Amino acid sequence: PLSTMTSTVHVIRPGVAEDMPAVLELIKELAVYENEPHGVEVSVDELVRDGFGDIPKFKTFVAEVKGEVVGLALYFYAYSTWKGQTIHLEDLFVKEQFRGLGLGQSLLNAVVKVGKQENIRRIGWVVLEWNKTAIRFYEKNEAVVFDDWRVVQMDKNGIHNYVSKLV
């Protein structure tokens with residue numbers, strides 16, 4: 001298991017169920033930052049159920065400053081037919097007023113250390129094309145940002161419409 005990492009300014013630790021209200025607020029703040037202020041549909045209860053139930057669907061690291069959760073790395077395990085088990089980093093986010101203190105770097109470090117400890121062959125995530133600051137940060141940290149791959153998703157309405165055509 002990972003030990004708690006500390007500095008004089010912040011603490012990075014695995015998230016617990018009691019952090020989920022703060023985690024949801026960070027997710028909502030990220031949605032606003034990504035110009036999707038109404039995109040968040042998940043609730044605190046769902047985060048608790050899905051992250052801390054019998055079969056957790058995700059894990060988190062949180063960044064604390066003076067006891068306040070101000071940053072988040074939320075990840076889950078996936079499987080690649082080419083690589084085997086992988087990690088998908090769903091969100092890496094730090095509140096605006098706490099950026100530049102190394103919290104994002106510390107959160108990314110925590111996830112990458114998990115990948116190394118568990119012999120994961122790939123950690124992947126998605127970054128918006130206009131977020132040049134994040135792209136530079138990821139590239140500085142040994143990540144490759146692909147220009148020739150497109151993100152494909154099907155939302156709840158798309159799933160419903162798809163299945164209704166199968167009947």
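Where is the place of Asn-35? In this predicted model, Asn-35 falls in the loop that runs between helix H1 (20–33) and helix H2 (44–52). Its phi is near 60°, a positive value in a residue other than glycine. Asn-35 counts as exposed, because its relative accessibility is 57%. A positive phi of about 75° is also found at Glu-142, again not a glycine. Glu-142 belongs to the loop between helix H4 (132–140) and helix H5 (156–166), and with 73% relative accessibility it counts as exposed.

The structure holds 5 aromatic pairs. One of them is formed by Tyr-75 and Tyr-77, in an edge-to-face arrangement with 6.1 Å centre to centre and 75° between the planes. Tyr-75 is buried, at a relative accessible area of 4%, whereas Tyr-77 is partly exposed, at 27%. Trp-125 and Tyr-138 likewise form an edge-to-face pair, with 5.1 Å between centres and 70° between the planes. Trp-125 lies in the loop between strand S6 (123–124) and H4, and Tyr-138 in helix H4; the pair therefore ties together parts that are 13 residues apart in sequence. Trp-125 counts as partly exposed at 23% relative accessibility, and Tyr-138 as buried at 9%. Ring pairs also link Phe-61 with Tyr-75 and Tyr-77 into a cluster.

Two further features involve tyrosine side chains. The charged end of Arg-99 sits over the ring of Tyr-33, 5.1 Å from the ring centre. Tyr-162, found in helix H5, contributes to a nonpolar surface patch of about 520 Å² together with Met-154, Ile-159, Val-163 and Leu-166. Tyr-162 is partly exposed, with a relative accessible area of 48%.

Methods: Residues numbered from 1 in each chain as written. Predicted model: local features only at pLDDT ≥ 70, side-chain atom pairs only at ≥ 80, totals over all residues. Heavy atoms only, no water. Helix = DSSP H or I, 4+ residues; strand = E, 2+ residues; numbered from the N terminus. Buried < 20%, exposed > 50% of the residue type's maximum accessible area, 1.4 Å probe, protein only. Patch = residues over 30% accessible without salt bridge, like charges linked within 9 Å, V, L, I, M, F, W, Y side chains within 5 Å. Areas by Shrake-Rupley, 256 points an atom, 1.4 Å probe, with all protein chains shown as cover. Salt bridge = Lys/Arg side-chain N within 4 Å of Asp/Glu carboxyl O. Phe/Tyr/Trp six-rings, centres within 6.5 Å; stacked < 30°, edge-to-face > 60°. Lys NZ or Arg CZ within 6 Å of the ring centre and 35° of its normal.
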